[in-house]
Amino acid sequence: MTTAEKVYLDLICSAIWSEESVKNFSGVSWSDVLTLAHKQGTLPLLYDKLLSLDHEIGMPADWKLWMQQYCMANILSQKKWEERLKRCIEGLDDVPSVLLKGFGLARYYPTPYLRQWGDLDVWVGVDNYHVACAKLRQAFPEAIHHDEEWEELKHYCFVFPDEAAIELHRVTMGFASACDGRYYARLEKEGMAQVASIGVGEVEVNVPEDKFNMLFVFMHAWEHFISTGMPMKQLCDMALLAHCVYGHTTQEKRKEMEQYLQKHLRKLHLLGVWKTVGYVLVHYLRLPSNEWPLYCESAQVLKYGERLFERVMREGQGRNHQPSVEREVARKMPILKRKWITLKVRYANAMDMMPYAPDYMWHWMCANVLKGIKRTIKRTPMVPY
């Protein structure tokens, strides 16, 4: 690791665990550290920590002002999302809903408002999906949205003038394998039926049951790694979630969570990836090893874990990807040419995944090829979004 990476990790770890920093800042390039934090989606965490160490770092006055303004902007962003969430819940009225990620994960941080905000994700389920979409179109007339509610997509998106978005989910995850999709759908239904309630601003919202939430947050982060990149922000989310819902619970509940994850991760071909991610959390984010369910340190896990960490630090959330542009070009192609290009892209994605999760890669590739063959035979059109 570079000096900037070591300092960055030390500051982030001390921020999420409320610990003292090592404070060994000699020879560090602060511009490199800030670039890392931006790429990893952790600027508010880093800025707040640096401001607390100002007397030891001696930052220029304009840097301090800039950091203070950024942290304040993040707090204001949270307040804005609290208001939109209130409108969302009130707009949905009697439609049952569950809040995903966001505020549900921010509450595990020592200072929740320092978690960087993205979109607002709300799950309503397959049965209530179309009714919920109609209700939110009325609740947010200023938002831009699609004219159709495609069943092929996992969510319906409302984009606001400030480019923030609410994603209304019919499902929490999409799968190339129909078998995996059906299996996960049962887990999702069970996890959303045993919700907990938390207060966010002026409203009470439901959040997923802990075991399912651990599974979902991990799978969502891995989906990001495959497509656009897994930033340190998502690793911080997973570390704090595990620390609070698994590390600080009874032995009985820990055993129940271990059995749940062991069974379902294996069924979804993700148990190896789970252990690899756990290695990164323990070795680089200081999560105690007994607070990550099913933790182990085999030679294979070490190899894949080191590779995964290096990729996360190199890319963060910054992998170039423009699906809307790519899809629009593809839609105008003859179907066989489009399928051939898709196959080449899937193969490249699989080779990209190979160094970190070879077992899952083969399952993923086979599922995508089979899906492509079925869609070609049925002449299934692309969703025009």
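This note sets out points on the packing and the salt bridges of a predicted model.

1. Largest nonpolar core. The largest nonpolar core holds 93 residues. The members that touch the most other members are Tyr-8, Trp-222, Met-232, Leu-235, Met-238, Leu-285 and Trp-292. For Leu-235, setting aside neighbours within four places in sequence, the contacts are Met-230, Val-277, Val-280, Leu-281, Leu-285 and Val-312.

2. Second core. A separate core of 31 residues is also present. Cys-88, Phe-103, Leu-168 and Val-207 are among its members.

3. Helix H3. Helix H3 spans residues 43-52 and is mostly covered, with seven of its 10 residues buried. The buried positions are Leu-43, Pro-44, Leu-45, Leu-46, Tyr-47, Lys-49 and Leu-50. The elements that cover these buried residues include helix H1 (3-16), helix H2 (30-39), helix H4 (54-57) and helix H5 (61-92).

4. Salt bridges overall. The whole structure contains 18 salt bridges. Among the residues involved, Asp-10, Glu-19 and Arg-286 are joined in a network.

5. Salt bridges of Lys-211. The side chain of Lys-211 pairs with that of Glu-209 at 2.8 Å, N to O, and both residues are buried. Lys-211 also forms a salt bridge with Glu-256, where the closest N and O atoms are 3.3 Å apart. Because Glu-256 belongs to helix H11 (residues 251-267) and Lys-211 to helix H9 (residues 210-227), this pair ties together parts that are 45 residues apart in sequence.

6. Salt bridge between Asp-352 and Arg-311. In this pair the closest N and O atoms lie 2.6 Å apart. Asp-352 is in helix H15 (residues 335-353) and Arg-311 in helix H13 (residues 299-315), so the bridge ties together parts that are 41 residues apart in sequence. Asp-352 is partly exposed, with a relative accessible area of 34%, while Arg-311, at 5% relative accessibility, counts as buried.

Key: Residues numbered from 1 in each chain as written. Predicted model: local features only at pLDDT ≥ 70, side-chain atom pairs only at ≥ 80, totals over all residues. Heavy atoms only, no water. Core = buried A, V, L, I, M, F, W, Y, C linked by side-chain atoms within 4.5 Å. Buried < 20%, exposed > 50% of the residue type's maximum accessible area, 1.4 Å probe, protein only. Contact = heavy atoms within 4.5 Å. Helix = DSSP H or I, 4+ residues; strand = E, 2+ residues; numbered from the N terminus. Salt bridge = Lys/Arg side-chain N within 4 Å of Asp/Glu carboxyl O.
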